[in-house]
Amino acid sequence: MEPDRSEYERRLVEKAQRALVAISLGEDAEALDELAPTAEEPIARSEETKELVMMLFGECSAMVSTLGDGGSAPVKVQVFDEDGEEVSIDQADPPVRTAVRTLLAEVHGNSEAAQEQVEIALANAAPDEVDSLVLQALRWTIRLSAECLDRDLPVAPWISDAVAD
């Protein structure tokens, strides 16, 4: 018997909170362990990962909108190479490209396109690339929430609870 949807979502939020705590402590491997799917079947595992990533990017989108004063003040997304030089999105590593495209789709209200980006990555990317995408979502969640909290702007309670620890 499967748990009801609200119980499942509560568990996803708790996993994300533990991963945010780990990533804020610089523990990438522990963060990935926290987000490891609990389902046995590969399809269910992929679905759980997709839902976690989409939840994180959805919150990142909300924080970008908040920081951009509801869209009236532009928020710039920049991509940097290993040397710290800004590069175009097309020159970025595949997981970074996916992360940027997913975030931009969410920010522009196109959740379907965002979900497609994540689904393509989960279906085609190597495991280390999927890990990189997940870590990117966690890092952006941490950075955006810190910026929002520094400016006394709203952050989802489940995120502020995790980053306040």
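All of the views below show a predicted model.

**View 1**

View 2. The buried residues of α4 are Pro95, Val96, Thr98, Ala99, Val100, Thr102, Leu103, Ala105 and Glu106, where buried means under 20% relative accessible area. Just after α4, Gly109 adopts a positive phi of about 75°.

**View 3. The salt bridge between Arg101 and Asp90.** The side chains of Arg101 and Asp90 meet in a salt bridge, with an N to O distance of 2.9 Å. Because Arg101 belongs to helix α4 whereas Asp90 lies in the loop between β2 and α4, the pair ties together parts that are 11 residues apart in sequence. Arg101 counts as partly exposed, at 33% relative accessibility, while Asp90, at 54%, counts as exposed.

**View 4. A network of salt bridges that includes Glu7 and Arg10.** Glu7, Arg10 and Glu14 are linked in a network of salt bridges, and within it the closest N and O atoms of Glu7 and Arg10 are 2.3 Å apart. Glu7 and Arg10 are separated by about one helical turn, because they are 3 residues apart in helix α1 (residues 5–24). An α-helix has 3.6 residues a turn, so residues three or four places apart point the same way. Both members of this pair count as partly exposed, Glu7 with a relative accessibility of 28% and Arg10 with one of 38%.

View 5. Arg139 forms a salt bridge with Asp28, in which the closest N and O atoms are 2.4 Å apart. The pair links distant parts of the chain, since Arg139 is in helix α6 (residues 127–150) and Asp28 is in helix α2 (residues 28–34), 111 residues apart. Arg139 is partly exposed, with a relative accessible area of 28%, and Asp28 is likewise partly exposed, with 28%. The structure as a whole holds 9 salt bridges.

Terms used. Residues numbered from 1 in each chain as written. Predicted model: local features only at pLDDT ≥ 70, side-chain atom pairs only at ≥ 80, totals over all residues. Heavy atoms only, no water. Buried < 20%, exposed > 50% of the residue type's maximum accessible area, 1.4 Å probe, protein only. Helix = DSSP H or I, 4+ residues; strand = E, 2+ residues; numbered from the N terminus. Salt bridge = Lys/Arg side-chain N within 4 Å of Asp/Glu carboxyl O.
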